[in-house]
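Hello,

Here is the structure I said I would pass on. My notes follow below it.

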Amino acid sequence: MSEKNKTILEGLNNKQLEAVVSNAKRVLVLAGAGSGKTKTVISKLLYLVAEKGVKSSSILAITFTKNAANEMIDRLIISSDVTNTYESYIQNKSTTVLQKESERRKRVLEQPWISNLTIRTFHSLCYKILRDNGNPVFDNKFKLITDNSAEEVDLKAKDILANEKPKDIISKILILACKDRGYILKLKRYILDYYVEKVSLDKEIKIYTNEGQKTYTTLKGETVKSKSERDIADWLYRHNIKYVYEKVTNFKDFNFKPDFFIPQANLYLEHVTDMSYKMADKEKQFIEGGKNCVVTYESIMNNSILFNLAMERIVKGKITETITEDVSINYEEEFNRYHNKIDEFLKTVMRMQSMMKGEDIEPSSLLEKSIKSEHERIRVFYELAIPIIEEYKKYCTNKSYVDFDDLIILTVKLLKNNEDIRELYRSKYKYLMVDEFQDVNGLQVKLLDLLLKPDNQLFCVGDDWQSIYGFRGSNVDYIVNFETHYKDCEIHKLDVNYRSTQTIVGASNEVIKHNKNQISKDVRAFNEMPSKIQIYRAKSTEDDGVEFLVDKVRQLYHSGLGKDDILVLYRRSKMFSPYLEALKQNRLFVSSKTIHASKGLEAKAVFIIGLTEGNGGFPDIWLDDAIFRVVKDIKYDILLEEERRLFYVAITRAKDELFLITELGNESSFVDEIPQHFYQVNKPIIKNIGTQVIVCENCRTTVNESDKFCRNCGSKLSKNILGNSDEKKVPSYVETARLINKNAYMPWSNEDDSKLEELYKQGKSNTELSDFFGRNLGAIIARIQKLELEQKYNLN
C-alpha cells in the first residue's frame with residue numbers, strides 16, 4: 001500500500017475500510033448513528049481519485065441538501081489544505097455565510113480535481129441536466145417557480161427565477177375556473193360544508209341561532225337550522241330568487257318566523273318535518289292575514305327530481321322573472337368572508353399535487369380512483385381539484401415554468417425517452433455516490449437507475465433506522481430491500497458508534513428493535529464508560545417538568561458545559577414554549593431544535609421533552625386526511641415505526657448524558673421500551689393524602705406548602721400558616737419569576753382553565769390574559785395550545 005494510500009485510509013476501522021475499497025458494482029453502507037458516515041464517504045472519494053486514478057469528472061455524488069453538499073466539499077478542501085487555514089476560517093463564528101461561500105468557490109477553483117467533481121443535490125443535478133440537454137422534453141430556458149428561496153439549486157443568475165410563485169398561479173387558476181357557474185357553486189358548497197361548518201358556526205355571521213343546535217351555512221352565507229332548509233335556500237340562490245330567512249312576522253295574534261319569504265312573489269314557504277311545531281296555528285294566521293303560504297315536506301328532500309319539480313311548481317307563475325341559473329356570480333363577492341378557507345383548500349390541492357408527482361400518478365387516473373370513494377367530501381374534492389391541477393400544468397408549460405417536483409419528473413422523462421442523452425450521462429459518470437439513501441423516494445430511485453450501467457458503481461450510504469421523512473414522500477423500503485432492487489450487491493454495516501456511551505447506544509438499540517420493517521444490526525459503543533439515562537416523570541410537564549429541566553441545565557452550566565454542549569429536542573415546536581420562557585427568565589441560554597431539524601447534530605447533554613402518550617405527545621401519530629389516501633394509503637403501523645425512528649434519532653444525538661422528561665401516569669410508550677437497567681428515575685414529590693389544607697390569611701384561597709405568595713391575591717404568606725415549609729424551599733428561579741408574575745409555575749386548576757377559555761372566547765389578547773392570571777406570555781400561549789383553544793374557536 002502506498003504512503004499516500006496509507007494517509008487516505010488511516011484511521012478507518014475494518015468495516016469502514018472494507019466499504020471504501022470495495023469494487024462491487026452495487027454497494028450499500030449501513031452507517032448507524034455516530035458511526036463515521038461522513039468520514040467513510042470522503043475517504044471513498046479520496047480513494048477513488050488519489051489511489052485508483054479515477055478521473056474526478058467521472059464521479060457523481062448526490063446529497064439531499066445544499067448544506068450537505070457544501071460540507072462534503074469543505075471536507076475535501078480540508079483534506080488537501082497544506083496551509084491548514086481553511087478549517088479554522090469556516091468554523092469561525094464571525095465568518096458570514098457569504099464569506100464562506102466566496103472562500104469555498106475560490107478554493108475549489110484552485111484545485112481542478114475538486115472542481116471537476118459533480119457534487120449536487122438531486123434538484124440541482126436535474127436542473128443542470130435539463131438546462132444542458134432538456135430541450136427534447138421541455139424548453140431548456142425554463143424558469144424555476146418556488147414559494148421559498150432557491151437555495152436548493154445552485155443558481156448563477158436571478159433571472160432564471162420566475163416572477164410568479166406557485167401559490168399565486170394556482171390562486172389565479174382557481175379564479176378563472178370560478179367563471180363557470182357550476183364550478184363556483186360547487187366550490188362554495190364544499191367550502192361551506194367542510195371548512196366553515198367544521199367549527200359549527202361561521203363566527204363572522206352574527207344571526208340568531210339556538211344554542212347547541214347544529215346549523216348549516218347557505219350559499220348566500222346565512223346560517224339555517226337544517227340541511228333541508230339549506231337545500232331550499234341554495235335552490236333559490238342558484239335561480240337568482242331573492243328571499244328572506246325567518247322574517248319576524250305578526251299577521252294578527254302572535255309573532256312567529258316563517259322559514260322563507262319570497263318578496264318577488266309575496267309568498268311564504270314553510271318546510272315541515274317530524275320535528276317541526278304543529279302548523280295549525282300558523283296556517284290560521286296566514287289565512288286570517290290574507291297571505292300566501294306553501295308547504296314543502298321532508299319526504300321530497302332525498303329525491304332531487306321531486307325536489308326540483310316541487311320548487312318549480314311553487315314559484316312558477318308567482319314571480320315575474322323567468323327562473324334561470326344564468327346569472328353572474330362574482331368570485332370576490334362569493335368568497336370575501338372565506339379567503340382563509342380558500343387558502344386552506346388550495347394548500348390541500350398543492351400538497352396533493354406534490355404527492356401525485358412524487359408517486360408518478362396522472363391526474364385523470366386519480367380522478368377515476370376518487371370517484372369510487374364512498375364519501376361525498378372526497379369525491380367532490382377531486383372533482384374540484386383535478387381541473388385546477390390540469391390547468392396549472394398547462395399554464396406552467398405555456399410559461400416555461402418548472403417547480404422542484406418537475407425538475408426530477410422531466411429529467412426522468414428525458415433520460416427514459418432519449419437513449420442518446422441517457423448514454424451520454426451513463427458514460428460520463430462511472431461512479432455514483434448517494435448520501436442519506438434512506439430518504440430516497442420512487443422518482444429519485446428511477447433517476448438513479450436511468451444513470452446506471454451494469455459496469456458503473458453505485459455506492460449508497462444511509463441508515464434505515466434514521467429514515468424520518470416519510471411525510472415528504474421518502475420510502476424506507478428502498479434501503480431495507482436494497483438486495484431485492486440491486487442484485488449481487490454488497491452490504492457493509494458500520495456498527496461502532498463513536499459518539500455516544502454504551503448506555504445510550506444500548507437503549508437506542510432496544511427501542512428500534514420494536515420496528516418490524518428494518519435491517520437487523522448490533523451497534524455497539526466505542527465509549528464504554530458506564531452511565532445512566534435520567535428519566536423524570538413529572539406531575540405536570542409544564543410545571544415541575546420545566547423546573548427539573550431548568551435545575552439540570554443550571555447544574556450542567558456549573559459543571560463547565562456551555563450553550564453548544566446542551567441540546568433540547570422536541571417533537572413539535574409548541575412543546576418548548578414553557579421551557580423557553582423559564583430558561584430565559586433564569587438567563588440560561590441552551591440549543592433547541594425539533595427532532596427533524598436535529599438530524600446530524602450532537603451534544604454532550606441532550607434533553608428530550610414532551611414524552612407523553614396521546615394527541616400532542618410523542619409518538620405523535622395522526623392518520624392523514626382521507627383525501628390524501630386516494631394518492632397513497634399509509635397504515636397506522638407504518639406511521640408508528642417512523643415515529644420510533646424519530647425517537648431513535650433524538651436519543652442518538654446525545655454523547656454523554658441523556659434526560660427524558662415524561663408525565664406521571666401518561667408516559668410515552670417509547671419510554672416504556674427502554675429496559676430498566678439503562679436508566680434511573682427521578683420522581684416528583686407527591687404529598688400524603690392526609691396533608692393539611694393551607695389557606696391564605698388574606699383571601700382564604702388554598703395555597704401550597706412551597707408557596708411564599710398567594711396565587712390569588714399575591715399576599716406574602718406568613719410562616720405561621722406555612723408551618724414547616726422552610727424545610728423545602730421554593731427554588732430561587734421560581735421566586736425570581738414570581739416577582740414579575742405572581743403565579744409563575746403555579747399549577748393550572750380546572751377553574752383557571754374554564755376562565756381562560758371564557759376570556760379567550762371573548763377575544764382577550766395574550767397580554768390581557770397574562771395580566772389577569774399573573775403568568776408570563778409563554779405560559780399563557782402554552783396553556784392555550786394545551787387546551788387547543790385556537791383550533792376550537794378559530795378566532796384568528
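**What was found**

Helix α27 (residues 636-651) lies across β18 (566-570), β20 (603-611) and β21 (654-663), and runs at about 145° to β20. Contact here means heavy atoms within 4.5 Å. Axes are lines fitted to C-alpha atoms, for helices over the stretch in contact, and angles run from 0 to 180 degrees between N-to-C directions. Helices (H or I, at least four residues) and strands (E, at least two) are DSSP runs, numbered from the N terminus.

This is a predicted model, in which local features need pLDDT of at least 70 and side-chain atom pairs count only at pLDDT 80 or more, while totals for chains, interfaces and linings use all residues. Residues are numbered from 1 along each chain as its sequence is written, and side-chain values use heavy atoms, with hydrogens and water left out.

**The sheet**

The strand order is β19-β18-β20-β21-β17-β22 in an open sheet of six strands with parallel pairing. Its edge strands, β19 (591-594) and β22 (679-682), each pair on one side only. On average, neighbouring strands of this sheet are turned by 20° against each other, direction ignored. Two strands count as paired if DSSP finds at least two bridges between them. β17 (residues 533-538) and β22 pair in the parallel sense over four bridges, and Tyr-536 has Asn-682 in β22 as its bridge partner.

**Two other helices**

The expected span of a helix is 1.5 Å times one less than its number of residues. For the 15 residues of helix α24 (residues 544-558) that gives 21 Å, and its end C-alpha atoms are 21 Å apart, which agrees. Buried means under 20% relative accessible area, exposed over 50%, and partly exposed in between (1.4 Å probe, protein chains only). The buried residues of α24 include Val-546, Leu-549 and Lys-552. Just after α24, Gly-560 takes a positive phi of about 110°.

Helix α9 (residues 166-177) has 12 residues and buries Pro-166, Ile-169, Ile-170, Ile-173 and Leu-174. They cover an arc of only 140° around the axis, which puts them on the same side of α9; the arc is that of the directions from the helix axis to the C-beta atoms. Among the elements covering them are α10 (181-196), α15 (339-358) and α17 (376-399).

**Cysteines**

With a disulfide taken as a pair of cysteine sulfur atoms within 2.5 Å, the count comes to zero. Cys-178 is buried, with a relative accessible area of 4%, and Cys-396 is buried, with a relative accessible area of 4%.

Regards
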